Amino acid sequence: MYNIQELIKLEGELKLSVRKHFEDFFSKHDYTKDTKAISTKSIASLADVDGMYYGTGLYVILSDYQAEQNKCSLIIDDLKAIYRGHCYTVKKRLKSHLFNEHYRRNLSERGVRYDVCMKLDDKNGINIDSSPYNNYRWKVVTHKMRGSSKMIREQAELAFDEVFGRPLGSREAGQTDA
């Protein structure tokens with residue numbers, strides 16, 4: 001017979017091991033250099049997002065918007081990480097965060113509806129092609145994680161927060177900044 005308590009314990013140990021792996025990685029990675037798995041792109045238009053990686057991964061949105069209030073320490077080209085997340089389809093997810101009105105207008109009936117988006121100015125998703133956001137710079141770091149499980153990507157998010165601090169726009173249910 002299987003032992004659920006033992007399996008829960010093993011799962012917890014695995015999560016800690018995966019998180020530690022990502023903490024070590026994030027602590028050492030040089031974000032000034034793109035690799036096959038990790039790239040940084042400037043985003044100013046919907047066309048920029050259309051050219052992004054489509055598949056499974058972790059993504060980090062950076063901006064100079066509200067930089068003073070943002071406690072996250074990851075900075076690339078003078079832009080701070082303002083949101084981090086993971087998804088099965090990174091490109092669609094980025095549209096929901098950064099071009100929210102377009103995303104909602106063009107969502108197919110069978111498409112996945114992302115209702116939890118980057119939290120800025122009490123909004124659930126923003127439009128960087130509209131004021132005030134179009135007065136700021138935006139970049140996205142994409143970590144390609146083809147074949148990864150949701151658990152692996154969730155642990156990567158937690159490790160990111162541990163190493164750099166949770167970005168301003170990342171607000172999981174029930175969490176607030178101290």
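A residue is called buried when its relative accessible area is under 20%, exposed when that value is over 50%, and partly exposed in between. Keep this in mind as we walk through the structure, which is a predicted model.

Let's begin in the loop between β5 and β6, where you will find aspartate 122. Its relative accessible area is 85%, and because the cut-off for exposed is over 50%, aspartate 122 counts as exposed. The loop between β5 (119–120) and β6 also holds aspartate 121. With a relative accessible area of 34%, aspartate 121 is partly exposed. Now look at the backbone here: phi of aspartate 121 is near 55 degrees, a positive value in a residue other than glycine. Aspartate 122, also not a glycine, has a positive phi too, near 60 degrees.

Our next stop is helix α5, which covers residues 150–164. From its first C-alpha to its last, this helix of 15 residues reaches 21 Å, close to the 21 Å expected at 1.5 Å a residue. Which residues of α5 are buried? They are Met151, Arg153, Gln155, Ala156, Glu157, Ala159, Phe160, Asp161 and Phe164. Among the elements that cover these buried residues are helix α1 (4–28) and the strands β2 (57–63) and β4 (79–87).

Finally, step just past the end of α5 to glycine 165, where phi is positive, at about 90 degrees.

Note on methods
Residues numbered from 1 in each chain as written. Predicted model: local features only at pLDDT ≥ 70, side-chain atom pairs only at ≥ 80, totals over all residues. Heavy atoms only, no water. Helix = DSSP H or I, 4+ residues; strand = E, 2+ residues; numbered from the N terminus. Expected span 1.5 Å × (residues − 1). Buried < 20%, exposed > 50% of the residue type's maximum accessible area, 1.4 Å probe, protein only. Contact = heavy atoms within 4.5 Å.
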